[in-house]
Amino acid sequence: MNKTLLFVTVLVIATCGLIYELIIGALASYLLGDSITQFSTVIGCYLFAMGIGSWLSGFIERGVAQRFVEVELGVALVGGACAPLLFLTFALTDVFRVVLYGSVLLIGTLVGLEIPLLLRLLKDQLAFKDLVSRVLTFDYLGALAASISFPLLFVPRLGLVRTSLLFGLLNALVGLWSTWLLAPVLAHPGRLRVKAVGLSLLLMVGLVLGDRLSNFSEEHLFSDEVVHATSSPYQRIVLTRGKRGFSLYLNGNLQFASVDEYRYHEALVHPALVRAGKLERVLVLGGGDGLAAREILKYPEVKTLTLVDLDPAMTGLATRYGELAELNAHSLADPRMHVVNTDAMEYLREHGEPWDVIVVDFPDPNNFALGKLYTTGFYRLLKKRLAPDGVAVIQSTSPLYARRSFWCVNTTLAAAGFWTQPYHALVPSFGEWGYVLVAHEGVLPRRPLVEGLRFLSEETHASLFLFPPDMGPLPTEVNRLNNQVLVHYYEEEWRRWN
């Protein structure tokens with residue numbers, strides 16, 4: 001047996017094993033939300049299953065090489081098929097969680113069998129201390145390679161489905177070359193080669209048809225036709241088109257529907273701009289679709305508009321995709337516009353100049369990565385960057401469907417030292433939606449609304465600040481970085497409506 005190639009085998013199977021774990025965790029996060037919970041449970045179950053596999057390896061007494069190749073082919077089949085299977089299960093059945101954790105347990109068990117069997121195959125080639133140290137070194141190197149390449153290379157370029165199929169193919173090829181590496185100790189290498197070649201061809205076909213598999217799954221996830229879908233290192237971006245226009249989804253969550261997005265964006269932008277002392281320098285955090293920017297640029301007093309959005313794929317789509325660029329009135333190409341693709345918190349830390357208006361248009365706090373942007377720490381930083389007579393506005397989820405979450409945002413802003421004025425608007429695609437207007441001091445002056453708005457008028461503008469009893473204030477905890485209570489509120493409240 002060639003020891004060098006067997007150690008390369010360890011590197012490859014370690015990389016594949018961790019990739020499957022990351023794929024399932026990312027996919028569960030995408031489809032179920034709450035990425036911390038999904039990754040935590042997937043990783044925990046996966047490691048537990050690997051322990052089961054290691055324990056089961058002790059019951060294999062004969063034909064170790066044969067069993068190793070069979071395990072490789074099993075990992076290739078189940079691991080390679082896991083992403084398309086889970087997408088289809090979510091779209092077509094009600095047993096997604098059963099299949100999700102069943103896949104985790106099965107793949108983890110098979111992966112847990114690999115290294116113990118390989119150690120036994122190598123035990124006559126090296127001293128025990130050298131054997132363990134080298135195998136574990138290559139195992140950990142494979143894990144490092146997977147953890148770096150998965151978010152930076154494979155997901156943005158291939159997506160989850162094709163990444164799953166690619167690494168399944170890689171596992172099948174490991175099984176195939178193992179039939180030559182281990183030929184002296186294999187009883188029936190020819191049969192295993194036929195199985196490995198057949199499985200490799202099947203996975204190759206799946207890899208070629210990967211986009212079709214993704215599109216088929218997403219067509220069943222969304223009620224309207226999918227007209228554009230892409231994965232970035234940060235999110236899955238999907239555009240759909242139906243009878244009422246087109247809609248944008250990020251990680252499966254609706255961001256806007258073209259039929260009524262103007263209600264949301266007029267309510268988000270104009271109450272802040274008519275109250276600010278000046279409008280020369282405006283900052284938008286989030287809002288990579290360019291729709292909030294469209295509303296801001298209706299004010300000729302605006303001299304500089306900076307939009308900070310983490311994902312260049314989103315701002316690029318808003319610039320280049322015809323229908324979306326038309327909907328946002330080509331706002332991202334306006335000469336007053338400056339687009340920056342970076343983390344909003346880092347941008348505020350690094351840029352100390354004051355802003356006359358700040359519009360915060362982040363996605364809802366449905367995970368801890370987003371929840372940090374709704375904490376006292378972030379809001380205190382925001383307050384430092386707001387001009388003395390400046391005004392900021394924060395989209396704050398629904399005061400009807402997620403009442404505690406909405407008032408938690410208001411409570412947190414007040415705890416950060418802001419004067420706050422919450423308000424809401426009806427957006428049919430979302431229902432009642434909430435915002436919080438903030439400033440250093442209260443009793444803000446008013447200028448007239450710009451002309452040509454489709455939703456806001458002087459009368460409807462005044463009504464935004466009136467809350468019926470079922471949306472009125474509730475006592476809540478302050479959302480801090482070390483407790484992230486808002487994410488828990490949000491998850492609990494929206495679960496009742498999904």
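**Sheets, helices and a ring pair**

Mentor: Gladly, and we can begin with an open sheet of four strands, which are ordered E1-E2-E3-E4 and paired in an antiparallel way. Please keep in mind throughout that this is a predicted model.

Trainee: Which strands are at the edges of that one?

Mentor: The edges are taken by strand E1, residues 225-231, and strand E4, residues 253-257, each of which pairs on one side only. From one strand to the next the twist averages 20°.

Trainee: How many bridges join E1 to E2?

Mentor: There are six bridges between E1 and strand E2, which covers residues 236-242, and the two strands run antiparallel. If you want a place to look in the viewer, find His228, which stands opposite Leu239 in E2.

Trainee: And which helix lies across E1, E2 and E3?

Mentor: That is helix H10, residues 312-320, which lies across E1, E2 and strand E3 (245-250) and runs at about 30° to E2.

Trainee: OK, on to the other sheet. What is the strand order there, and is the pairing mixed or antiparallel?

Mentor: Seven strands make up this open sheet, in the order E7-E6-E5-E8-E9-E11-E10, and their pairing is mixed. Strand E7 (337-340) and strand E10 (419-427) are at the edges with a single partner strand each, so one side of each has no neighbour in the sheet. The twist here averages 15° from one strand to the next.

Trainee: How is E10 joined to E11?

Mentor: Nine bridges join E10 to strand E11, residues 431-439, and these two strands run antiparallel. Within that pairing, Gln421 stands opposite Leu437 in E11.

Trainee: Switching to helices now. What do you look at when two of them pack?

Mentor: Two packed helices are described by the angle between their axes and by the distance between those axes. Take helix H2 (residues 35-57) and helix H4 (residues 96-122), which pack at an angle of about 40° with their axes 6 Å apart. That angle is why H2 counts as oblique to H4.

Trainee: Is that crossing left-handed or right-handed, and what kinds of residues make the contact?

Mentor: H2 passes H4 in a right-handed crossing. The residues of the contact of H2 with H4 divide into 16 nonpolar, eight polar and one charged.

Trainee: What about H3 and H6, at what angle do they cross?

Mentor: Helix H3 (residues 64-92) and helix H6 (residues 189-208) cross at roughly 15°, and their axes come within 11 Å. H3 is therefore roughly parallel to H6, and H3 passes H6 in a left-handed crossing.

Trainee: Which residues meet there?

Mentor: On the H3 side you have Gln66, Val69, Glu70, Leu73, Ala76, Leu77 and Gly80, and they meet Leu192, Lys195, Ala196, Leu199 and Leu203 in H6. The residues of this contact of H3 with H6 divide into eight nonpolar, two polar and two charged.

Trainee: And H15 with H17, are they roughly parallel or roughly antiparallel?

Mentor: H15 and H17 pack at an angle of about 160° with their axes 8 Å apart, and they are therefore roughly antiparallel to each other. H15 passes H17 in a left-handed crossing. The contact involves Arg403, Arg404, Ser405, Cys408 and Val409 of H15, together with Val485, Leu486, Tyr489, Tyr490, Glu492 and Glu493 of H17. The residues of the contact of H15 with H17 divide into six nonpolar, one polar and four charged.

Trainee: New topic, aromatics: how many aromatic pairs does the count come to?

Mentor: With ring centres within 6.5 Å as the cut-off, the count comes to 17 aromatic pairs. One of them is formed by Tyr401 and Trp494, a tilted pair at 5.7 Å centre to centre with 55° between the planes.

Trainee: Where do Tyr401 and Trp494 lie?

Mentor: Tyr401 is in the loop between strand E9 (386-395) and helix H15 (403-415), whereas Trp494 is in helix H17 (residues 485-495), so the pair ties together parts that are 93 residues apart in sequence.

Trainee: Last one: which residues other than glycine have a positive phi?

Mentor: Among them are Ala329, with phi near 60°, and Thr397, with phi near 65°. Ala329 lies in the loop between helix H11 (322-327) and E7, while Thr397 is found in the loop between E9 and H15.

Technical notes: Residues are numbered from 1 along each chain as its sequence is written. This is a predicted model: local features need pLDDT of at least 70, side-chain atom pairs count only at pLDDT 80 or more; totals for chains, interfaces and linings use all residues. Side-chain values use heavy atoms; hydrogens and water are left out. Axes are lines fitted to C-alpha atoms, for helices over the stretch in contact, and angles run from 0 to 180 degrees between N-to-C directions. Angles under 35 degrees count as roughly parallel, over 145 as roughly antiparallel, 65 to 115 as roughly perpendicular and the rest as oblique. A crossing is left-handed if the near helix is turned anticlockwise from the far one by less than a right angle, and right-handed if clockwise. Ala, Val, Leu, Ile, Met, Phe, Trp, Tyr, Cys and Pro count as nonpolar, Asp, Glu, Lys and Arg as charged, and the others, Gly among them, as polar. Two strands pair if DSSP finds at least two bridges between them. Contact means heavy atoms within 4.5 Å. Rings of Phe, Tyr and Trp (its six-membered ring) pair if their centres lie within 6.5 Å; planes under 30 degrees apart count as stacked, over 60 as edge-to-face and the rest as tilted.
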